[in-house]
Amino acid sequence: VTHSIPACIGSMTINSKQLDNESPVSIFAVNKCYVTVQDGTFFDGSGFAALVREGYKVRSDVNITLEFRTTAVHGVLLGVSSAKVDAIGLEIVNGKVLFHVNNGAGRITATYEPRGTNSLCDGKWHKLQANKSKHRISLIIDGNLVQTDNPYIQSTSADTNNPIYVGGYPADVKQNCLTSKSSFHGCLRNLVLTKGQQAELFDFSRAFDLRGVFPHSCPGAEH
C-alpha cells in the first residue's frame, strides 16, 4: 500500500498508553476531523493536487465532469498544459466558470455567466461538464449549456504532456490556459475525465503531490 487511508483516527493507545495526537513530533497531510462530513475533497485555498505524474495527453477529445462547492468567487479548478501553447484550463473568475482550450493555433474560451455573481459560489454543490471534441468546446453548468465558436477549425489536437493540476498549481509551473493564480477554496468531488469509452475517476488520495488538499472529507459547512 503506497497511499494513506482516507479516514479519521482517534483514541489510539499503545501498551495501554494513549498517544497525544494534539502535539505530534511531525505531521504531513493530516487535517482535523469534522463533526459533519460530506463526500468530497477539501481544498483549503493554499495549494493544489497533482495527478498523472507522467503527463496527461488531451489530444483531440476529452470530457471532464466534476462537482464543486465554494464560497469564493475566484479559483483554479483544473489545468493541463504543455511546454508549448497547447493546453486546457477550467477556472472560476468573478463568479463565472471559464473553460479555455488551445489546440496550438490560439486560445478559445467558453464562459458560463450565472445570473448573480455569487449564485455559483453559494456553498452548494454544482455540476460541471466541459467537453472538447476536436475544435469544438462546450461547457455545461447545472444543466445549462454554453458553446463558443472556434475560428481555428484546422487545429484539433491539444498536445499536452504535463500533469493534471487540480485546485491550483505550483508557482514554477506554466499553465497556458489559466488566467488565475488563485488556489481553489472549497470542495470537489467526482472528477472524471473521459476519452472515447474510457472513463477515469480520479482519487485525490492517490495524487503524487498534495498541498493544502485533504482527500475524502469535506466539512459539512464552509470553514
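Cys-121 is buried, at a relative accessible area of 5%. Buried here means under 20% relative accessible area, with exposed over 50% and partly exposed in between (1.4 Å probe, protein chains only). The model is predicted: local features need pLDDT of at least 70, side-chain atom pairs count only at pLDDT 80 or more, and totals for chains, interfaces and linings use all residues. Residues are numbered from 1 along each chain as its sequence is written, and side-chain values use heavy atoms, leaving out hydrogens and water.

**Cysteines**

Cys-177 is buried too, with a relative accessible area of 0%. The structure holds 1 disulfide, defined as a pair of cysteine sulfur atoms within 2.5 Å. Cys-187 and Cys-218 form it, with their sulfur atoms 2.0 Å apart. The pair links distant parts of the chain: Cys-187 is in strand β14 and Cys-218 in strand β17 (residues 218–219), 31 residues apart. Strands are DSSP runs (E, at least two residues), numbered from the N terminus. Cys-121 is in no disulfide; the nearest cysteine sulfur belongs to Cys-187, 14 Å away.

**Aromatic rings**

Rings of Phe, Tyr and Trp (its six-membered ring) pair if their centres lie within 6.5 Å; planes under 30 degrees apart are stacked, over 60 edge-to-face, and the rest tilted. The count comes to 4 aromatic pairs. Two of them share Phe-43.

| Pair | Centre to centre | Plane angle | Type |
|---|---|---|---|
| Phe-43 and Phe-184 | 5.9 Å | 75° | edge-to-face |
| Phe-43 and Phe-204 | 5.6 Å | 90° | edge-to-face |

Phe-43 lies in strand β4 (residues 41–51) and Phe-184 in the loop between β13 (164–166) and β14 (185–195), so this pair ties together parts 141 residues apart in sequence. Phe-204 lies in the loop between β15 (198–201) and β16 (209–214), so its pair with Phe-43 ties together parts 161 residues apart in sequence. Phe-43 and Phe-184 are both buried. Phe-204 is buried as well. Ring pairs link Phe-43, Phe-184 and Phe-204 into a cluster.

Elsewhere, Arg-189 lies over the face of Trp-125, 3.8 Å from the ring centre. The rule asks for NZ of Lys or CZ of Arg within 6 Å of the ring centre and within 35 degrees of the ring normal.

**Cavity**

The structure holds 1 cavity of 30 Å³ or more. Its lining includes Val-101, Asn-102, Ile-108 and Tyr-152. On a 1 Å grid over the protein atoms alone, a cavity is a set of points where a 1.4 Å probe fits but cannot get out; lining residues have an atom within 4 Å of a point.

How values were computed:
1 Å grid on protein atoms, 1.4 Å probe; cavity = no way out; pocket = protein on both sides within 12 Å on 5 of 7 lines; lining within 4 Å. Points joined across faces, edges and corners; volume = space filled by probe spheres on them. Helix = DSSP H or I, 4+ residues; strand = E, 2+ residues; numbered from the N terminus.
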